[in-house]
Amino acid sequence: MTTTLANISETAPRRRLQRDQVIGLLMVALGLFTAWAFGLGAAGRSQSQFTFDPVNASGTVPWHLGALTLPTRVSCLLAGALIIAGGVEILWRRPRRALLARFGGGAVLFFLAILTWASRTHGPSQVSFVNLTSVLVGGIAPAVVLTYGSLSGVLCERAGVVNIAIEGQFLAGAFLGSLIDSVTHNFFFATLGGVVVGAGLGAILAFFALRYQSDQIIAGVVLASLVISLGSYLNLQVLTPYPQYNAGSPAPNLMIPLLGKIPILGPVLFDENGFFYLVVALVLLISFGLFRTRWGLRVRAVGEHPKAAASVGIDVIRTRYVNVILGGVVAGVGGVALFAWQGQFQPGITSGYGYIALAGLIFGRWRPSGVVVAALLFGMSVYLANNLQTYQVPVSTSILLMFPYVVTIFVVSGLIGRVRAPAADGIPYKRD
Amino acid sequence: MRVELRGITKRFGTFTANDQISLTVEPGQIHCLLGENGAGKSTLMNVLFGLLRPDEGQILIDGEPVTFANSGEAVRRGIGMVHQHFMLVPVFSVAENVVLGFEPTKSFNRLDRLRARESIHEASQRFGLEVDPDAIVEELPVGIQQRVEILKALNHDAQLLILDEPTAVLTPQEIDALIGIMRSLKDAGKSILFISHKLREVREVSDVITVIRQGRVVGTAEPTDSETQLASLMVGRDVSLTVTKEAHEAGASRLEIRDLVVRDDRGVAVVDGVSLDVRAGEIVALAGVQGNGQTELVEALAGVRPVESGTITLDGRDITNATPREILDAGLGHVPEDRQRDGLVLSMSVADNLVLNTPRATPYARRGSRRRSEVRRNAEERIRDFDIRTESPEAPVSSLSGGNQQKVILARELSRPLKVLVAAQPTRGLDVGSIEYVHRQIVETRNAGQGVVIISSELDEVLALGDRVAVMHHGKIMGVVAPSTSRETIGLLMAGVVLEEVAGA
């Protein structure tokens with residue numbers, strides 16, 4: 001007892017770093033790493049070359065654009081210096097707003113430095129280049145899938161139900177989409193299949209979460225695991241012996257006349273498959289619905305304070321059912337989009353996109369517009385991680401794949417800005 | 001609208017919460033339902049508002065019998081309720097909250113925000129309910145949030161407004177404003193059912209008073225009846241409304257708080273530079289509207305919330321950011337605000353709860369194993385000394401009434417050598433008999449030479465118990481005054497006017 005008392009006076013008040021200071025320090029570290037690894041790590045005379053030519057599915061180049069040549073070391077040092085400057089500015093001026101935007105800017109510079117490194121000449125005889133247009137096109141494909149997943153999360157969680165089964169809904173959508181496309185060669189029917197299976201899985205999740213008020217995380221994880229195991233089983237029992245049922249092809253691109261001809265932007269935004277245009281429409285529609293309409297006000301009320309919603313006669317349970325099923329539909333279509341991008345079903349096709357989509361949901365603060373930013377950032381990391389093996393980048397691809405999760409951990413722990421989930425998110429609702 | 005309750009009975013298992021209750025609210029009347037906590041007021045209102053189904057009895061609106069399957073149906077029949085815990089979505093604007101469920105829309109189901117704003121303006125002007133329709137609700141003071149609740153009910157075209165303990169969270173000035181609003185509603189022909197156990201307000205505003213006790217109507221009273229008459233009707237026996245408190249000389253300083261800054265869960269500095277001394281043998285009462293930092297201050301004192309800066313010194317020892325264990329051992333007793341969440345382990349026995357703060361100390365444990373006989377012996381002693389009403393020491397503490405649960409906590413904290421007792425809302429939700437008992441214990445603790453800090457949102461309690469009254473507003477102490485100071489002055493301090501200005505006015 002006496003020793004305890006003696007210790008008390010020595011207990012000093014704890015000093016903790018503020019979250020903006022942590023971000024500032026992180027950016028300084030990222031900048032130092034960029035300058036060291038990509039700037040000093042490049043030979044002094046090496047140069048980086050970027051090209052911007054659009055590439056068709058057939059591999060032909062419809063038109064040429066001039067290439068851009070940069071000195072590698074100077075460019076990467078400059079990128080590193082800019083990131084450090086951003087970090088120092090945060091530490092120095094302690095801005096209250098737009099912390100996330102500053103951090104995002106740093107991340108973009110980091111990506112550019114990676115690409116600059118990757119496109120450098122390795123020696124006098126060896127010329128290398130990176131096609132920035134195809135990098136952007138390549139990053140959009142996973143971003144589309146991630147956006148479907150995050151939008152599904154927006155619909156469910158804004159109404160107060162956590163949908164952690166997105167991974168499973170993706171897989172089911174991809175499986176059925178592949179099967180239907182193989183038989184009918186029609187992506188409209190494939191999409192319908194995704195709608196039906198997504199709605200079904202959403203309904204099952206809703207039933208457990210709402211009828212039996214079971215823990216939504218556990219119900220969702222179990223459902224996702226079940227679907228994934230079922231997918232492997234069906235793959236083994238059906239698709240392997242009968243390969244004609246797994247003979248689909250990627251969805252064709254639909255180029256928008258005129259707009260598709262714009263350099264860089266055209267191939268990236270206006271020469272995509274139907275699932276890209278559909279998700280753009282969904283983002284706009286859900287954003288409008290949630291924040292401008294009566295439906296959205298009621299959904300958000302149900303997700304924030306279900307008792308208050310019930311006290312003015314809103315049917316909380318019904319609203320949640322509808323939204324979880326709608327969310328399932330969106331994720332199911334996202335699964336078809338995943339297949340439409342890859343062109344073939346394999347058991348591991350989802351490779352964690354459903355969970356990255358949930359991270360994007362948090363990163364995007366449960367808003368359709370924010371979710372798009374997250375999907376682009378995460379989609380680009382996925383693309384780079386999958387494609388940079390070809391270049392001798394001094395960053396392991398596994399590290400790049402960790403990027404979305406590291407960023408999400410910072411966001412969730414409140415280090416970058418304040419994120420607040422809908423207040424009743426994940427909490428079962430009981431009528432009195 | 002004339003609303004009549006006829007013979008309403010509501011049972012929960014074997015417990016009868018409402019027993020043949022009848023009352024009538026006439027149009028343009030403020031009808032008060034007076035009763036202690038647990039008398040069945042809230043149950044009755046939930047029956048009237050369609051949240052509970054009565055087992056017997058009828059509700060009549062303008063003479064016509066009605067039944068409500070849910071509260072939406074009650075709202076459609078013109079009944080509006082302002083709940084004790086507001087039914088507002090914190091992140092929504094005032095306008096969004098008011099129209100929720102009854103939204104005006106344009107084409108494509110779009111919200112018509114302009115019309116929502118206009119209808120709020122109109123109601124604001126008609127009933128004197130000033131409020132900015134675009135403000136975000138969670139950023140508004142509680143008094144204004146309550147106006148939003150009232151506006152919401154009026155927007156749903158309520159003819160009868162049920163106000164459930166509306167003054168519990170308000171400053172005296174806000175209470176005056178609320179009473180003004182109630183009167184203007186009454187003049188506009190609305191009926192009001194006003195639920196309260198605060199005699200002062202009940203007498204000031206009511207036209208008719210119905211008193212209920214243990215689920216039964218025990219009589220009606222006139223607003224002209226004295227507070228003592230009302231109190232004895234409510235409690236069922238004569239009660240003294242004052243705390244007998246002998247004069248007592250304060251001694252040396254026991255607890256010193258210097259420039260304390262504490263943040264709440266959202267990171268806001270809700271205690272913002274508080275300095276306060278508590279001497280031996282005195283009660284310092286912290287007054288203030290709920291949510292002005294009192295809760296967080298007490299949590300910091302008890303070591304359950306980190307201190308950002310500043311120091312807390314207990315009898316010369318720095319206990320800033322010490323662990324709760326160290327603070328308890330240093331001689332600080334803590335009666336937490338939410339006794340069921342923070343003060344007790346409800347599923348554990350009375351005996352175990354009585355030794356919760358000394359789990360490893362002799363004689364209750366030896367070499368890591370518990371000695372049940374000692375725990376039981378201790379429990380029997382405490383149950384006798386503190387008059388805890390329980391079937392047995394082994395009964396789960398959840399089976400006790402609120403007053404007896406509070407006695408368990410007091411018995412636990414007061415039966416070890418203390419230097420300072422910190423009690424948050426020590427009588428919240430207790431019946432009058434238990435309140436008298438708790439007050440007596442607090443005064444005796446002070447008479448025994450210990451320092452006492454209490455926080456309370458009941459101004460009567462603060463003034464009755466405190467030797468000095470410190471008024472908090474927005475995390476700062478606006479002034480430390482004698483308990484003889486006028487309620488008006490204290491009310492101004494609670495509203496954030498600094499002491500010099502109050503004195504100057």
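What follows starts with chain A, zooms in on one helix, and then moves to the domains of chain B.

A quick word first: this is a predicted model, where local features need pLDDT of at least 70, side-chain atom pairs count only at pLDDT 80 or more, and totals for chains, interfaces and linings use all residues. Residues are numbered from 1 along each chain as its sequence is written, while chains are lettered from A and ligands numbered from 1 in the order in which they are written.

Chain A has 16 helices and five strands (DSSP runs numbered from the N terminus: H or I of at least four residues for helices, E of at least two for strands). Of its 432 residues, 46% are buried, meaning that 20 or more other C-beta atoms, placed from the backbone, lie within 10 Å of a residue's own.

Now look at helix α8 of chain A, residues 216-239. Its 24 residues should span 34 Å at 1.5 Å a residue, and the end C-alpha atoms sit 32 Å apart, so the two agree (the expected span is 1.5 Å times one less than the number of residues). Buried residues in α8(A) include A:L223, A:A224 and A:V227. Among the elements covering them are α6 (166-184), α7 (187-211) and α14 (353-363) of chain A.

Over in chain B, an automatic or database assignment gives domain 1 (3-235), domain 2 (242-331 + 417-505) and domain 3 (349-416). Eleven residues of domain 1 of chain B are in contact with 13 of domain 2 of chain B (C-beta atoms, placed from the backbone, within 7 Å).

Methods. Two residues are in contact if their C-beta atoms, placed from the backbone, lie within 7 Å. A residue is buried if 20 or more other C-beta atoms lie within 10 Å of its own, exposed if 12 or fewer, and partly exposed in between; C-beta atoms are placed from the backbone.
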